Amino acid sequence: MRILISLVSSSTSTGLHLLSVSRRLHTKISPFSTLIGLKPPPAMATSEDSLRRSLAEKQSSIESQGNTVRALKAANAEKATVDEAIEKLNALKLDKSVMEKQLQAAVNGNGPDGSINKEAFRQAVVNTLERRLFYIPSFKIYRGVAGLYDYGPPGCAVKSNVLSFWRQHFVLEENMLEVDCPCVTPEAVLKASGHVDKFTDLMVKDEKTGTCYRADHLLKDFCNEKIQKDLSISAEKAAELKHVLAMLDDLSAEELGAKIKEYGITAPDTKNPLSDPYPFNLMFQTSIGPSGLSPGYMRPETAQGIFVNFKDLYYYNGNKLPFAAAQIGQAFRNEISPRQGLLRVREFTLAEIEHFVDPEYKSHPKYSEVADLEFLMFPREQQISAQSAKKIQLGEAVSKGIVNNETLGYFIGRVYLFLTRLGIDKDRLRFRQHLANEMAHYAADCWDAEIESSYGWIECVGIADRSAYDLHAHTEKSGVPLVAHEKFSEPKEVEKLVIAPVKKELGLAFKGNQKKVVEALEAMNEKEALDMKASLETKGVVEFYVCTLGENVSIKKNMVSISKEKKKEHQRTFTPSVIEPSFGIGRIIYCLYEHSFLHEAQ
Ligand code: AMP
């Protein structure tokens, strides 16, 4: 199998040590069987729905047979007739109990032979990982801190090999420009990127004790528990709960709150009522320097370090597009209630790529190398209509417009190759498209590489076309134009809208607010500007809404000149779009462990 063997055993003495440790210690659970065994826990049975329906039918047959027995007894029927009816009732009950066992096995993910279920499998994996020091709960002797983990010797060896394969597969093979930026980031950067205002998760509080929980996790747990443990719910109810699970990331705070109320969900530890969901910012705040006057944050992603360096990187690349920059580094997120071991932590390694491309030419020169790949894809439409992921050829997905553009498709293909070459089981890897609300408003399209583990399908890589949002935002806030140019072979004559605010007149009229009015006038799009021009010519004055002031101001004819002028242009200046694959290294490694784990009982 799999690159992981060579990764783990490659060059480093630590890697070799990892193999010898595995061979020396023989325990009931073979740890990764020197990383060559592969037997995943069986996938959820597909017959779950029909089993629920048959179980409901069996239950109603039992009730009606029970009535028959009672009626026969009440009518003092012959003993033989009553006995026959009772025997039939008992047979039905026996059938029901067999069906319940089958359904329980199906929802637990047990194999038809009753082999290990998901939780037992996970326990075996986690016990081995912790015992062999693949990872260690951080600060353990002080009882640890939720969401913080150390990597022990074999964990470090695996991580270092995964990262070096990542560098090989992406940075070297694609000639990417690697950078390494600080974790401590000044507030201005994260204010511009939107993280200070919007990097939030929805939280609910136990109304009596104040304990915090992630609202969507409580709803998810409720639905999963009902589906897995309550065998009496109808197939329709199970389908409804599964639909809620599929739409979970798409729910607004109000919709989440309404579902929590509808299902009567309470605080898991105390059963106390819960508050309405409200946003909690996930960034760790700090202050830079001793004065306390310079606020900063531990970066929640590495991407912003690349965006703020765009101008220099573009120059370094000979002022040519497309090009990609890459960064590997720590990211920090103050998760509300971290759980699921290595999958949701408060500090983790991210490996991110920002591929800058002309928004008008999103083709990719190496696209044909991945277009024939075929793998599990889960487009938005399939999720909404409660279907499951199916195998689609990447080229077909791009040509049909399911995937927004070639460059995004290229990276989806490259991520697929990276993960499967690393050792991820291709049948337990799918690419899921973001639902409409799940996606940031500026994004053109987003796909997550999700890997199936004992915790379910886990997002391990996010691949997003973020359009020109980030470079625009930093251009606006820093005043430094983060733009690219396309030089024309011959000058082109273009008609340009020119908005020229007359600052003297605006200053006299609006005094201290002059700057905000000027900015708002300059920010008008072509239609708004031409409408204003027409109104000024007919009426001499227009009411104009300035959003930064939150009010209308009266603009007179002498305050702004709006015209269309013909110009010769030698180049086109534009803000590049960015395609961003973002890899959670810890999550990938954990899934790799599960996919490589061999349970001796199997
Ligand atoms: P995001 O920027 O939220 O799309 O995250 C990028 C990647 O980081 C995800 O695909 C995950 O693999 C990983 N990730 C996000 N949050 C966490 C976390 N709390 N713990 C570990 N990995 C994470």
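Q: The expected span of a helix is 1.5 Å times one less than its number of residues. How far does helix H21 reach from its first C-alpha to its last?
A: Helix H21 covers residues 585-596, 12 residues in all, and reaches 16 Å, close to the 16 Å expected at 1.5 Å a residue. Helices (H or I, at least four residues) and strands (E, at least two) are DSSP runs, numbered from the N terminus.

Q: What kind of model is this, and how are its residues numbered?
A: This is a predicted model, in which local features need pLDDT of at least 70 and side-chain atom pairs count only at pLDDT 80 or more, while totals for chains, interfaces and linings use all residues. Residues are numbered from 1 along each chain as its sequence is written, and side-chain values use heavy atoms, with hydrogens and water left out.

Q: Back to H21: is it mostly covered or mostly open?
A: H21 is mostly covered, with 12 of its 12 residues buried. Buried means under 20% relative accessible area, exposed means over 50%, and partly exposed lies in between (1.4 Å probe, protein chains only). The buried residues include Ile 585, Tyr 590 and Ser 596.

Q: What about His 595 in that helix: buried or exposed?
A: His 595 is in helix H21 and is buried, with a relative accessible area of 0%.

Q: Which backbone atoms does its side chain reach?
A: The His 595 side chain reaches the backbone oxygen of Glu 452 at 2.7 Å and the backbone nitrogen of Asp 425 at 3.1 Å. Such a polar contact is a pair of N or O atoms within 3.5 Å; within protein, one must be able to donate a hydrogen and the other to accept it, and residues adjacent in sequence count only if both atoms are side-chain atoms.

Q: New topic. Which residues come nearest to the ligand?
A: Of the 14 residues around the ligand, the nearest are Arg 333, Glu 335, Val 345, Glu 459 and Cys 460. A residue is near a molecule or strand if one of its heavy atoms lies within 4 Å of it.

Q: Which element gives the largest share of the shell?
A: Strand E16 does, with four residues.

Q: Last topic: how many aromatic pairs are there?
A: A search of the whole structure finds 20. Rings of Phe, Tyr and Trp (its six-membered ring) pair if their centres lie within 6.5 Å; planes under 30 degrees apart count as stacked, over 60 as edge-to-face and the rest as tilted. Trp 166 and Phe 170 have ring centres 5.6 Å apart and planes at 50 degrees, so this pair is tilted.

Q: Where do Trp 166 and Phe 170 sit?
A: They are four residues apart in helix H6 (residues 153-172), separated by about one helical turn.

Q: Which residues form a cluster with them?
A: Phe 165, Trp 166, Phe 170, Phe 418 and Phe 583 form one aromatic cluster. Both Phe 418 and Phe 583 are buried.
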